[in-house]
Amino acid sequence: MHKKITTIALAATIILLVSFFKPGDKNPFQNSDNVLTAAEKNSGWALLFDGKTTDKWRTYKNLPDDSWEIVNGELHCKQEGVTKRSDLVTKENYASFELQFDWKVAKGANSGLLYHVLETQESSYQTGPEYQLIDDLGYPGKLEDWQKSGADYAMHPPLKIASKPAGEYNHTRLLVNGAHVEHWLNGVKVADFSAWTPEWEKLKSTGKWKDYPEYGKAKSGLIALQDHGGGIWFKNIKIKKL
């Protein structure tokens, strides 16, 4: 009898946890960082960071850098003591995918994750759309809405502010399925748009990217972690091709 009650209670607990587990939230059943569950492996997820090496990454255009380090299972871009900075990019190209990762920023710091990046320009942001990562509360200066965390940077501002304060980890889910793109932040959908539509083309031609003809045009490319002066940490970076 006690065993049956315990089983029922366990089942009820699992149902309760799942009911509160919104898309984009950190998996409540995964207690360890930088690993995949058996279910994730079976469904096609792959780790892009194992907490120990940067084997899946290299620098943009293979430029020299001394800004990135791995400490305590976190991929960290340093603010101090850096002589050569560079973004990190994946060694593999991706077209349609779902990407999830955890990130935190230092006070006042600014970074981003970019995708469909080509190496035809001086910087990754000149070709790749950017999921913005920034200290919304402590940034030293006025932020436009399209500069805030979760934005499709300089194109689509976040629908709401869902970021946590500097020093606290956020969870991001980025869905790129053909032209359709969704940005999720801490379980909240903060952007939902389609690329290459008349609306998208108008935003590009009248905004920051009007003088960057290759911006957002590629349908496949590298994923980049931006070094924008450091002060950013990443972990639990995983991807599933669609």
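User: Which residues touch the most other members of the largest nonpolar core?

Analyst: A nonpolar core is a set of buried Ala, Val, Leu, Ile, Met, Phe, Trp, Tyr and Cys residues joined through side-chain atoms within 4.5 Å. Buried means under 20% relative accessible area, exposed over 50%, and partly exposed in between, with a 1.4 Å probe and protein chains only. In this predicted model, the largest core has 35 residues, and those touching the most other members are Phe 97, Leu 99, Leu 174, Ile 223, Leu 225, Phe 234 and Ile 237.

User: With which residues is Phe 234 in contact, leaving aside its neighbours within four places in sequence?

Analyst: Contact means heavy atoms within 4.5 Å. The partners of Phe 234 include Phe 49, Trp 68, Phe 101, Trp 103, Ser 111, Leu 133, Tyr 169 and Leu 225. Another core, of 7 residues, lies apart from the largest one; Met 155, Ala 195, Trp 209 and Tyr 215 are among its members.

User: On what basis are such values given?

Analyst: The model is predicted: local features need pLDDT of at least 70, side-chain atom pairs count only at pLDDT 80 or more, and totals for chains, interfaces and linings use all residues. Residues are numbered from 1 along each chain as its sequence is written, and side-chain values use heavy atoms, with hydrogens and water left out.

User: How many helices and strands does the protein chain have?

Analyst: Helices (H or I, at least four residues) and strands (E, at least two) are DSSP runs, numbered from the N terminus. The protein chain has 3 helices and 13 strands. Of its 242 residues, 49% are buried.

User: In which sense does strand 6 pair with strand 9 and with strand 13?

Analyst: Strands of a sheet pair through backbone hydrogen bonds, either parallel or antiparallel. Two strands count as paired if DSSP finds at least two bridges between them. Strand 6 pairs with strand 9 (residues 170–177) in the antiparallel sense over 7 bridges, and Trp 103 stands opposite Asn 170 there. With strand 13 (residues 232–241), strand 6 is also antiparallel, over 8 bridges; the bridge partner of Phe 97 in strand 13 is Lys 241.

User: In what order do the 5 strands of the open sheet stand?

Analyst: The order is 2-5-12-7-8, with antiparallel pairing. Strand 2 (57–59) and strand 8 (130–134) are the edge strands, each pairing on one side only. Strand 7 (residues 110–117) joins strand 8 in the antiparallel sense over 5 bridges, and Ser 111 has Leu 133 in strand 8 as its bridge partner.

User: Is Asn 34 buried or exposed, and where is its place?

Analyst: Asn 34 counts as buried because its relative accessibility is 6%. Its place is in the loop between helix 1 (2–20) and helix 2 (38–42). Asn 34 has a positive phi of about 60° although it is not a glycine.

User: What is the phi of Lys 61, and where does Lys 61 lie?

Analyst: Lys 61 is not a glycine, and its phi is positive, near 60°. Lys 61 lies in the loop between strand 2 and strand 3 (68–71). At 36% relative accessibility, Lys 61 counts as partly exposed.
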